[in-house]
Amino acid sequence: MKPIHIMTLIAFLASLCSIVCGLILDVDYSQKLVGFGVLGLFLVVFPLFSYYRWKGKDVKDYMLTKENLDKMRENQKENKY
């Protein structure tokens, strides 16, 4: 397993555990546990996951440029008939 997988998994499990503990436990700081869990998901887990999934891919392939629009139109014409 790659280190990025391990870091993402640990951060996800920590955030999930924080959210669940905040919802289940009846302590004064339970709302803070839920809040920190959600922050961990959005500020740590999501960027790590996005970096892993987009690493090595060209962003220009996913942008709507004139060339990509022309390719899409050609594919639509070919698939109609």
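S15 counts as buried because its relative accessibility is 6%; buried here is under 20% relative accessible area, exposed is over 50%, and partly exposed is in between, with a 1.4 Å probe and protein chains only. Before I go on, this is a predicted model, in which local features need pLDDT of at least 70 and side-chain atom pairs count only at pLDDT 80 or more, while totals for chains, interfaces and linings use all residues. Residues are numbered from 1 along each chain as its sequence is written, and side-chain values use heavy atoms, with hydrogens and water left out.

Back to S15. The residue sits in helix 1. Helices are DSSP runs of H or I with at least four residues, strands are runs of E with at least two, and both are numbered from the N terminus. What does S15 touch, not counting residues up to four places away in sequence? The partners are G37, G40, L41 and V45, where contact means heavy atoms within 4.5 Å. From S15 to T65 there are 50 residues along the chain, and their C-alpha atoms are separated by 38 Å.

Now one of those partners, L41. This residue belongs to helix 2, residues 30-54. L41 has a relative accessible area of 25%, so it is partly exposed. With residues up to four places away set aside, L41 touches F12, S15, I19 and F46. Y29 is 12 residues from L41 in sequence, and the C-alpha to C-alpha distance is 19 Å.

Next, T8. It is in helix 1, which covers residues 3-24. Is T8 buried or exposed? It counts as buried, because its relative accessibility is 14%. A polar atom of the T8 side chain lies 2.7 Å from the backbone oxygen of I4. That is a polar contact, meaning a pair of N or O atoms within 3.5 Å; within protein, one must be able to donate a hydrogen and the other to accept it, and residues adjacent in sequence count only if both atoms are side-chain atoms. Neighbours within four places aside, T8 is in contact with V45, L48 and F49.

C17 is also placed in helix 1. At 44% relative accessibility, C17 counts as partly exposed. C17 and G37 are 20 residues apart along the chain, with 7.6 Å between their C-alpha atoms.

Now the chain as a whole. The protein chain has three helices and zero strands, in the order α-α-α from the N terminus. How does the radius of gyration stand against that of a compact globule? The chain has 21 Å, whereas a compact globule of 81 residues would have a value near 12 Å. The radius is taken over C-alpha atoms, and the globule rule is 2.2 Å times the number of residues to the power 0.38. Along the principal axes, the C-alpha atoms fill a box of roughly 65 × 30 × 20 Å.

Of the 81 residues, 16% count as buried. Taking contacts between residues at least 6 apart in sequence, 44% join residues at least 24 apart. The accessible surface is about 7200 Å², and 66% of it belongs to carbon and sulfur atoms; accessible areas come from the Shrake-Rupley method with a 1.4 Å probe, and for residues only the protein chains shown count as cover.
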